[in-house]
Amino acid sequence: MSKRKVKQDHMPVGECITQVQKVLRERFCHQQLPEEPEGVEAQHKHLLELLKRTAIHGESNSLLIVGPRGAGKTMLLKCVLRDLLQDKEVQKNLLQVHLNGLLQTDDRIALKEITRQLHLENAVGDKVFGSFAENLAFLLEALKKGDRSSSRPVLFVLDEFDLFAHHKNQTLLYNLFDVSQSAQTPIAVVGVTCRLDVLELLEKRVKSRFSHRQIHLLSSLTVTQYLRLVGTQLSLPDEFPDAKFAQEWNSSIETLCADKSVEEVLQRHFNASKDFRSMHMLLMLCLSRVSVAKPVIQPADLQEASRLCLADAKANMLHGLSILELCLIIAMKHLNDVYEGEPFNLQMVHNEFKKFLQRKSNSMYNFNQPVVRKAFEHLQQLELIRPVEGSSAKTQSEYQLMRLMLDHSQIMEALQKYPQCPTDVKQWAMSAFG
C-alpha cells in the first residue's frame with residue numbers, strides 16, 4: 001500500500017468532520033442536478049423533444065411548466081437544457097434568454113435584459129430609443145429579420161411567469177407569443193409558474209397566440225422514497241478521503257434512518273412539505289450539531305432540528321413582547337370572541353383593557369394613553385394586527401379598524417412559555433378564552 005493511501009486512511013477526526021461538513025453543505029446548498037430526474041421521466045422526455053424541435057429543426061414553440069413551489073420545475077428545465085446542450089450543433093447555435101418576474105418588474109426592464117443577454121447592445125449602438133415601442137420594434141425586427149433556415153434559435157425562459165401577466169397590456173408576452181406563432185426566427189417560450197390558474201390571467205389576444213401546451217409537475221414522492229432520499233442525502237460518497245470514517249458515518253446514517261422516532265419526525269415533515277428545500281434545511285440544521293465531541297447525527301439532533309424548522313414564527317414573536325403588549329393582545333382576543341371576529345380599534349381595545357384594570361387593586365398596569373397607543377402601533381409594525389382593507393387612511397388612528405392575525409392556540413402557547421408571566425394576566429386570558 002502506498003504511503004499516500006495510508007495517510008488518507010488515517011485522517012484526524014477533526015479533519016474528517018470538517019470534510020463531512022464541506023461535502024454535505026455543498027450538496028445541500030448547491031443542489032446538483034441528478035443524472036436522471038426521478039418521477040418526472042415522461043415530462044423530461046416531452047420537454048426535451050419540444051426544445052429539440054426548436055433548437056435543431058427551427059420550429060417555434062411555447063409552453064408552461066406548472067407546479068407547486070419545490071416540485072422540481074427549475075430542476076427539470078435545467079436537466080433538459082443540460083441534455084440538450086450535449087449536442088455540439090445546439091451548443092453552438094442556441095441562444096438563451098432567462099427572465100424572472102421578480103426582477104424584470106415591467107416590460108421596459110425586461111427588454112433591456114433581453115438586449116443584454118442577446119448581446120444586441122452593439123447593434124443598438126448610438127441609437128436613442130425615444131419610447132418603449134421603438135425599443136420593442138427594434139428587438140422584434142432583430143428577431144424577425146431571419147427565417148427558419150438561417151436564424152439562430154432563441155429560447156426564452158420566463159420564471160415566475162404569472163408576474164409577467166401583470167405587466168401593462170401584457171405587451172412583452174403578446175409579442176413573444178406572436179413571434180413564436182410566425183415563420184420568423186425560431187423561438188421557444190417556456191414559462192415557469194406555480195399558479196394553476198395562470199391562463200386566466202392572460203388577455204384574450206395573448207391567449208389566442210399561446211399554444212396551450214402545459215407540463216404539470218405534482219410531487220408523486222412516497223414516504224418510503226422520502227426516507228430513502230434522506231439517507232442518500234446524508235451519506236458520504238465513495239471518494240471521501242478517509243474510507244474507514246466514511247464507512248462508519250454511512251453505517252450510523254442507516255441506523256439513524258431506521259430509528260422509530262426519526263421516522264416519525266420525517267413523516268411529519270413529509271406531510272407538511274415534500275420539497276427538497278425544506279428537507280435540506282432540516283438536514284443542514286442536523287449537520288450543524290455535528291462536532292469532534294459528537295461525530296455522528298443522533299435522533300435527538302433530528303428532533304431538535306425539526307422543532308426549529310416547524311417553530312411558529314408568530315408565536316415566537318410573542319415571547320419578546322412587553323406585558324402591556326401581551327395584555328392588549330388578550331383584550332383583542334376577548335373582543336374577537338364577544339363580537340364574533342368583527343374588526344376592532346385602539347379605543348375598543350383600551351376600554352377592554354381598562355375593564356381588566358378595574359378588577360385589580362394595584363396600579364402595576366396603569367399606563368397612560370400615549371404609552372398604550374405606542375404599544376398598539378408596535379403590534380401593527382410586527383404585523384400581529386393589520387388594518388382592515390378599504391378602511392380610510394383619513395380616520396383617526398384610535399378609530400382605525402384592525403384585525404388580529406393570531407389564533408387562540410398561538411396566544412395560549414405564548415402565555416405558557418412567556419418568562420415570569422403574571423398569574424392575574426394568565427387568569428384573565430383563561431377567562432377571555434373560556
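Q: How do helix H19 and helix H21 pack, and at what angle?
A: This is a predicted model. In it, H19 (residues 323-338) and H21 (residues 369-381) pack at an angle of about 75 degrees. Their axes are 9 Å apart.

Q: Which residues make the contact?
A: H19 brings Leu 324, Glu 325, Leu 328, Ile 329 and Met 332. From H21 come Val 371, Val 372, Ala 375, Phe 376, His 378 and Leu 379.

Q: And by class, what has the contact of H19 with H21?
A: Nine nonpolar residues, one polar and one charged.

Q: Staying with H19, what about Asn 336: buried or exposed?
A: Asn 336 is found in helix H19. It is buried, with a relative accessible area of 16%.

Q: What is Asn 336 in contact with, leaving aside its neighbours within four places in sequence?
A: Gly 341, Glu 342, Phe 344 and Leu 404.

Q: New topic. What order do the strands of the open sheet have?
A: The order is S2-S3-S4-S1-S5. That makes five strands, with parallel pairing.

Q: Which ones are the edge strands?
A: Strand S2 (95-100) and strand S5 (213-216). Each of them pairs on one side only.

Q: How many degrees does the twist average?
A: From one strand to the next, the twist averages 15 degrees.

Q: What holds paired strands together, in general?
A: Strands of a sheet pair through backbone hydrogen bonds, either parallel or antiparallel.

Q: How many bridges join S2 to S3?
A: Six, and the two strands run parallel. S3 covers residues 154-159. Take Gln 96: its bridge partner in S3 is Leu 155.

Q: Which strands does helix H10 lie across?
A: H10 (residues 171-181) lies across S1 (61-66), S2, S3 and S4 (187-193). It runs at about 135 degrees to S4.

Q: OK, salt bridges. How many does the structure hold?
A: The structure holds 14. In one of them, the side chains of Arg 69 and Glu 160 meet, 3.2 Å from N to O.

Q: Where do Arg 69 and Glu 160 lie?
A: Both are in loops. Arg 69 sits between S1 and helix H4 (73-84), and Glu 160 between S3 and helix H9 (161-164). The pair therefore ties together parts that are 91 residues apart in sequence.

Q: Which of the two is buried, and which is exposed?
A: Arg 69 counts as exposed, at 54% relative accessibility. Glu 160 counts as buried, at 12%.

Q: What about Arg 116, which residue does it form a salt bridge with?
A: Glu 113. The closest N and O atoms are 2.7 Å apart. Both residues lie in helix H6 (residues 107-117). They are three residues apart, about one turn of the helix.

Q: How exposed or buried are they?
A: Arg 116 is partly exposed, with a relative accessible area of 46%. Glu 113 counts as buried, at 16%.

How values were computed. Residues are numbered from 1 along each chain as its sequence is written. This is a predicted model: local features need pLDDT of at least 70, side-chain atom pairs count only at pLDDT 80 or more; totals for chains, interfaces and linings use all residues. Side-chain values use heavy atoms; hydrogens and water are left out. Axes are lines fitted to C-alpha atoms, for helices over the stretch in contact, and angles run from 0 to 180 degrees between N-to-C directions. Helices (H or I, at least four residues) and strands (E, at least two) are DSSP runs, numbered from the N terminus. Contact means heavy atoms within 4.5 Å. Ala, Val, Leu, Ile, Met, Phe, Trp, Tyr, Cys and Pro count as nonpolar, Asp, Glu, Lys and Arg as charged, and the others, Gly among them, as polar. Two strands pair if DSSP finds at least two bridges between them. A salt bridge is a side-chain nitrogen of Lys or Arg within 4 Å of a carboxyl oxygen of Asp or Glu. Buried means under 20% relative accessible area, exposed over 50%, partly exposed in between (1.4 Å probe, protein chains only).
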